[in-house]
Amino acid sequence: MKTPAILVINAGSSSIKFSIFSAAAVPGPEDLICGGKISGIGVQARLDARSADGTVLADEHFPENATYDELLARLLAWIETRLVGLELVAAGHRIVHGGRDHVLPSVLDEKLRDELRRLIPLAPLHQPHNLAAADALARLHPDLVQVACFDTAFHTGRSEMETVYALPAGMTEDGIRRYGFHGLSYDFVASRLEAVTGEEGGKRAIVAHLGNGASMCAMRNGRSVATTLGFTALDGLPMGTRSGAIDPGVLLYLMEQKGMDAKDLTCLLYRQSGLIGLSGISSDMRDLLASDAPKARFAIDYFCYRAGREIGSLAAALGGLDVLVFTAGIGENAPEIRSRICAAAAWLGVEIDEAANAEARGETVISAPGSKVAVAVIPTNEELVIARNSRALVQNA
């Protein structure tokens, strides 16, 4: 008898990341069977896969300019021939934007995919690719249940004060509101807060999801209270290539005085700003930290400064702070950035153990013994959240 398994897909413009979890029981980290990605989409695609213990399972190159359908077909064929003891019972997808109406994991059928296509303008870097993978999989494997797990869903339930903009009420009713993102990551971190940081983990926490996309979320008892991202994934912190918060008057000026249209602004705000715009060197924090160029250092300074400001705002929303958590690529792997952000939050009683910070690997507390705020690093696991939600939906169908 074959082992039931969940295929988790996170599809982007140039890569499709995937994981496979056993679904014989509610998946835990130990139920990861393998993971990998198809990279170089549109150029020279390549499949890399490793087992949970790091053993290389695949390193294959595909024809140039292979389509999503062709690449996913090869992935499915690889699963069927290499992982013969498994039976896929569902495919769970990270869907960045669920809008106002989609707040629970849902079967990703044709009707739902059509509804989610209307949200592409709100997440142009992610939504079209998330849906392209689902469309391709539906054509290749029409009997496989597909499940949508939404990055916006975690932030459902915040107060109206946190979700509306100061615009005419009719616009709010039309769906122009603060949604928030990175919800799958925040969901996972919230589930680990108390185990990692102790009883304070269930109280007032700020989680910093710092990566190429970056945001922060204020939580009370593990539920979202406020977050730095809003209607789209452009607000708040500067990111790899995205601007973060910007005066809308700047955009009006660029339209009226510089002749820029919506397409120009989309390219500017989503692809040419943030760390790459400030530094002119790279959108990757690792490159900037390794550089001696003044503009690289300025981009780092700006990122840390803005993070410190956002912590102040979120702490105000919570009425204080008990826990500060770092997660995602920068948050998990850049001790210098953690140290500088914590220094900016010292006024809240944040104090870290610099040795613990420098050596942090995996889930760990890095706050100093006398710190009024517990500080921790918790590696995120969005794939596990998707696998669990997908299994639950299939089990209850």
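**Pockets, a cavity and a helix**

A: In the second largest pocket, H8 supplies the largest share of the lining, five residues. The model is a predicted one.

Q: What makes up the rest of the picture of the second largest pocket?
A: About 900 Å³ of space lies in the second largest pocket. Its lining has 34 residues, and Tyr 165, Phe 231, Thr 232, Leu 234 and Asp 235 are the closest to its centre. Two or more lining residues come from each of helix H4 (160-163), strand E11 (223-227), helix H7 (248-258), H8 and helix H11 (294-318).

Q: What classes of residue does the lining of the second largest pocket have?
A: The lining of the second largest pocket has 19 nonpolar, nine polar and six charged residues.

Q: How much space lies in the largest pocket, and which residues lie nearest its centre?
A: The largest pocket holds about 1700 Å³ of space. It is lined by 48 residues, with Asn 10, Lys 17, Gly 211, Asn 212 and Gly 329 nearest its centre. Elements that give two or more residues to this lining are E1, E2, strand E3 (32-39), helix H8 (262-271), helix H10 (285-289), helix H12 (328-333) and H15. H12 has the largest share, five residues. By class, the lining of the largest pocket is made of 16 nonpolar, 21 polar and eleven charged residues.

Q: Why is a space called a cavity and not a pocket?
A: A cavity is a set of points where a 1.4 Å probe fits but cannot get out, whereas a pocket is an open set. The structure holds one cavity of 30 Å³ or more, and about 30 Å³ of space lies in the largest cavity.

Q: What lines the largest cavity?
A: Its lining consists of Asn 10, Arg 94, Glu 382, Glu 383 and Ile 386. H15 gives the most, three residues. One lining residue is nonpolar, one is polar and three are charged.

Q: How do you know that the length of helix H15 fits its number of residues?
A: Helix H15 (residues 382-396) has 15 residues, and at 1.5 Å a residue it should span 21 Å. Its end C-alpha atoms are 21 Å apart, so the two values agree.

Q: Which residues of H15 are buried, and what do they pack against?
A: Glu 382, Leu 384, Val 385, Ile 386, Ala 387, Ser 390 and Arg 391 are buried in H15. The buried residues of H15 pack against strand E1 (3-11), strand E2 (16-22), strand E6 (86-95), strand E8 (146-150), helix H6 (183-197) and strand E9 (204-210).

Q: Where is confidence in the chain lowest and highest?
A: Confidence is lowest in strand E5 (residues 56-64), with a mean of 83, and highest in helix H13 (residues 335-344), at 98. The chain averages a pLDDT of 92, and 99% of the residues score at least 70.

Conventions. Residues are numbered from 1 along each chain as its sequence is written. This is a predicted model: local features need pLDDT of at least 70, side-chain atom pairs count only at pLDDT 80 or more; totals for chains, interfaces and linings use all residues. Side-chain values use heavy atoms; hydrogens and water are left out. Helices (H or I, at least four residues) and strands (E, at least two) are DSSP runs, numbered from the N terminus. The expected span of a helix is 1.5 Å times one less than its number of residues. Buried means under 20% relative accessible area, exposed over 50%, partly exposed in between (1.4 Å probe, protein chains only). Contact means heavy atoms within 4.5 Å. On a 1 Å grid over the protein atoms alone, a cavity is a set of points where a 1.4 Å probe fits but cannot get out, and a pocket is an open set with protein on both sides within 12 Å along at least five of seven lines; lining residues have an atom within 4 Å of a point. Grid points are joined across faces, edges and corners, and a volume is the space filled by probe spheres set on the points. Ala, Val, Leu, Ile, Met, Phe, Trp, Tyr, Cys and Pro count as nonpolar, Asp, Glu, Lys and Arg as charged, and the others, Gly among them, as polar. pLDDT is the predictor's confidence in each residue, from 0 to 100.
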